[in-house]
Amino acid sequence: MQQASSRRHLIVGNWKMNGLSAGSLELAKAVAEGARDVGPAARLVICPPFTQLAAVAKALEGSKIQLGAQDCHQSPSGAHTGDISADMLVDLDVGFVILGHSERRQHHHETDGLVQAKVKAAEKAGLTPIVCVGETAQQRDEGHTLEALGEQISKSLPKDFSGVVAYEPIWAIGSGRSASVKEIDETISHLHDVIGRHLDVDDKSVSILYGGSVTARDAASILSIPAVGGVLVGGASLSAESFLGIARAALATTA
């Protein structure tokens, strides 16, 4: 079984398309305040919508929380109406960016090649990309999980990739279901092996998160898996209490 390189977990909250000004500020301030009790066991990142990045960045000043975004364009500038470049995110003190999320792959028809182009743009700008990979229910039922994930890794990550990977079983996102501890362990250990063969760097330098309806209730068991470097949290990140509960689970696994 692949051992994680560090037990300091990365806990990332993906707010998706949720949050207006007042509510976003309230949530960000509550998370920042509560994070004071989390300790050094976890690094916390919240990824609000583009419209809330500037305001949330101010709300997080002086806190332990880092700011992330939910996507970026592969070009640094140009005639790309409605898009946001990696340099624009850096200008707002963003440090992380989620790329290749299954919702964008499915609804925006993003290919592995496009994801890789975005990864290169993000890293060039100084962002840490969080690249999502995952299998559909059909691929899982037909026994093609490892094959599908391996293809996404090889085509989405450049050889010199130095970011973060997030394994999100597509069948679990928003369903309230989560893969078993055994399934998560086996799958993420396999991903470490694939990454080790694909990249020009040691696979241990690439942290792998688990995402897929993660809650405070199941976070401790997931984060106790040695191969898991943290979690990518969806719906539960929209509640400060739930998100901080997940962060405290990270503290419990290192106690």
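Predicted model: local features only at pLDDT ≥ 70, side-chain atom pairs only at ≥ 80, totals over all residues.
How many of the six residues of strand 2 are buried? Good morning, colleagues.

Strand 2 spans residues 42-47, and five of its six residues are buried, so the rest of the structure largely encloses it. Let us consider its neighbours in turn.

On one side is strand 1, residues 9-14, which runs parallel to strand 2 and is joined to it by six bridges. One of the pairings to look for is that of Asn-14, whose bridge partner in strand 2 is Cys-47. Between these two strands the chain passes through helix 1, residues 21-34, and the three elements together form a β-α-β unit that is right-handed.

To get from strand 2 to strand 3, the chain goes through helix 2, residues 53-59, in a β-α-β crossover that is right-handed. As a general point, side chains in a regular strand alternate between the two faces of the sheet.

I turn now to helix 7. This helix covers residues 145-156, twelve in number, and extends 16 Å from its first C-alpha to its last, close to the 16 Å expected at 1.5 Å a residue. Which residues of helix 7 are buried? They are Thr-145, Ala-148, Leu-149, Gly-150, Gln-152, Ile-153 and Ser-156.

Finally, I would draw attention to two loop residues. Lys-16 is located in the loop between strand 1 and helix 1. Its phi is near 55°, a positive value in a residue other than glycine. Is Lys-16 buried, exposed or partly exposed? With a relative accessible area of 21%, Lys-16 is partly exposed.

The second residue, Ser-213, belongs to the loop between strand 7 (207-211) and helix 9 (216-223). Ser-213 is not a glycine either, yet its phi is positive, at about 60°. The relative accessible area of Ser-213 is 22%, and this residue is therefore partly exposed.

Thank you for your attention.

Methods: Residues numbered from 1 in each chain as written. Heavy atoms only, no water. Helix = DSSP H or I, 4+ residues; strand = E, 2+ residues; numbered from the N terminus. Expected span 1.5 Å × (residues − 1). Buried < 20%, exposed > 50% of the residue type's maximum accessible area, 1.4 Å probe, protein only. Pairing = 2+ DSSP bridges. Right-handed = clockwise from strand over helix to strand, strands pointing away.
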